Amino acid sequence: MMKKFRWFLVISAIFSLIVMSACSNDASKGDDKDKEKDGGTKLGEKTEISFWHAMSGPGQEALDGIVADFNNSQDKVVVNAEFQGTYEEALTKLRSVGGTDNAPAIMQVFEVGTKYMIESGFIEPMQTFIDKDNYDLSQLEENILNYYKVDGKLYSMPFNSSTPVMIYNKDAFKEAGLDPEKAPQTFSEVKAAAEKLTKKDERFGFSMLTYGWFFEQLVATQGGLYVDNDNGRSDDATKAVFNGEEGLRVFKFLDDMNKAGTFGNYGTNWDDIRAAFQTGKVAMYMDSSAGVAGAINNSSFDVGVAYIPYPDEVERQGVAIGGASLWMSKGIGDDKQQAAWEFMKFLASPESQAKWHIGTGYFAINPAAYEEDIVKKEWEKYPQFKVTVDQLQDTKPSFATQGALISVFPESRQQVVTALENLYQGTPPQEALDQAAEGTDRAIEIANKTKKK
């Protein structure tokens, strides 16, 4: 009888262990389900968060390196950087999950998506953490921060920032009897140089991508606004104003060269216009500051970099920032938001920004990065980089150079692209501009009505 009782105790103990193990596994599975929520997961002591971005090629390589640096620098947070396609594709994906448990903790959005993101209800303003942490914003580049500030509040953390520059063929300048160390600055100087640089059926003097961003910059450098209400910054914009005298000067500048045969039209593809320059088919063109290294490395001739041109009758005001910034999701939990904030601070450090700058050609949002040894060595190799930084830092802060805020910016840019295409086909400058402004006005009106509902 005693033996039977002992066996009963042994079997009962084994059964209890099996049940406890099963319960433990079920609890673990339940925890795993919980980990899938709130923009990331918790791995023991670590908080895991997702970071959606649109960087490919060298940009993705540089970003992955910095993310790895952060993950290895501490044992509290793991950041997973996940490529989501183009800016437009990434934003479309965010629209479907924004405000839910499936939203990423950090989202990269191009600069023209700023107004949309502020109004989306998906995000937590950066200012919340800046104030809580007493974070010193003065260490970051003022002319980059200005774009992402609205009513004195910083909504997102600047990340990949660029401005336009004029890139030119120094060898072609010498051949045409022009000073290769003195690039043309004003519209009239560019037109005169383009005449000398043009060789029929062989080389155009000047070109500009058919892209709204460059038009916006040529308006802003005159101190001109894109939309009313101080570029949509003192109140919601109600109409376009880029078809005024500043925009007309730009369209006449392009129209004059197009009619003179000194302007090369390479359409809307960045690769096409860059290839035209690198193969000597165009002597001067406008590009992003992030494209400088590529132009130098892929050209068989000496490459110069200069500020963007401006009309003779005005003073140069500078440039508005382009690129993208990082946004923090709302409602993902305090631990995930804090983890995202820690990563953003790491990303903004001089060391990280130095690696980002030399790896991509984008500006360092923290100017102290330019004092890092790896940047100094890179600038010895590419002294042209300094021109891009100087142009940014010489910019005069204003509503014009701060950039416009409208939720329908992508649609408006397409209107400008169409206007430029029509211009090159013979439509009078003012007529082409007015059509773009009218299309923008319709988009703004619809957006404002939708917002009020």
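Ala, Val, Leu, Ile, Met, Phe, Trp, Tyr, Cys and Pro count as nonpolar here, Asp, Glu, Lys and Arg as charged, and the others, Gly among them, as polar. This is a predicted model, so local features need pLDDT of at least 70 and side-chain atom pairs count only at pLDDT 80 or more, while totals for chains, interfaces and linings use all residues. Residues are numbered from 1 along each chain as its sequence is written, and side-chain values use heavy atoms, with hydrogens and water left out.

**Exercise 1.** Work out how the lining of the largest pocket divides by class, and which domains it draws on.

*Solution.* Start with the term: on a 1 Å grid over the protein atoms alone, a pocket is an open set of points where a 1.4 Å probe fits, with protein on both sides within 12 Å along at least five of seven lines; lining residues have an atom within 4 Å of a point. Next, the volume, meaning the space filled by probe spheres set on grid points joined across faces, edges and corners, is about 1,300 Å³. Of its 44 lining residues, Met55, Tyr87, Trp270, Arg274 and Tyr362 sit closest to the centre. By class, the lining splits into 19 nonpolar, 20 polar and five charged. Finally, domain 1 (47–162 + 321–388) and domain 2 (164–319 + 398–452) each supply at least three residues; the bounds come from an automatic or database domain assignment.

**Exercise 2.** Find where the second largest pocket lies relative to the two domains.

*Solution.* Its volume is about 290 Å³. Leu91, Arg95, Tyr116, Ser407 and Glu411 are the closest to the centre among 15 lining residues. Helix α3 gives the largest share, four residues. Both domain 1 and domain 2 contribute to the lining, so this pocket lies between them.

**Exercise 3.** Show which side of α3 (residues 87–97) is buried, and what packs there.

*Solution.* Helices (H or I, at least four residues) and strands (E, at least two) are DSSP runs, numbered from the N terminus. Buried means under 20% relative accessible area, exposed over 50%, partly exposed in between (1.4 Å probe, protein chains only). In α3, Ala90, Leu91, Leu94 and Val97 are buried. They share one side of the helix because their arc, taken from the directions from the helix axis to the C-beta atoms, is only 125°. With contact meaning heavy atoms within 4.5 Å, the buried residues of α3 pack against β2 (46–53), β4 (106–110) and α4 (114–120).
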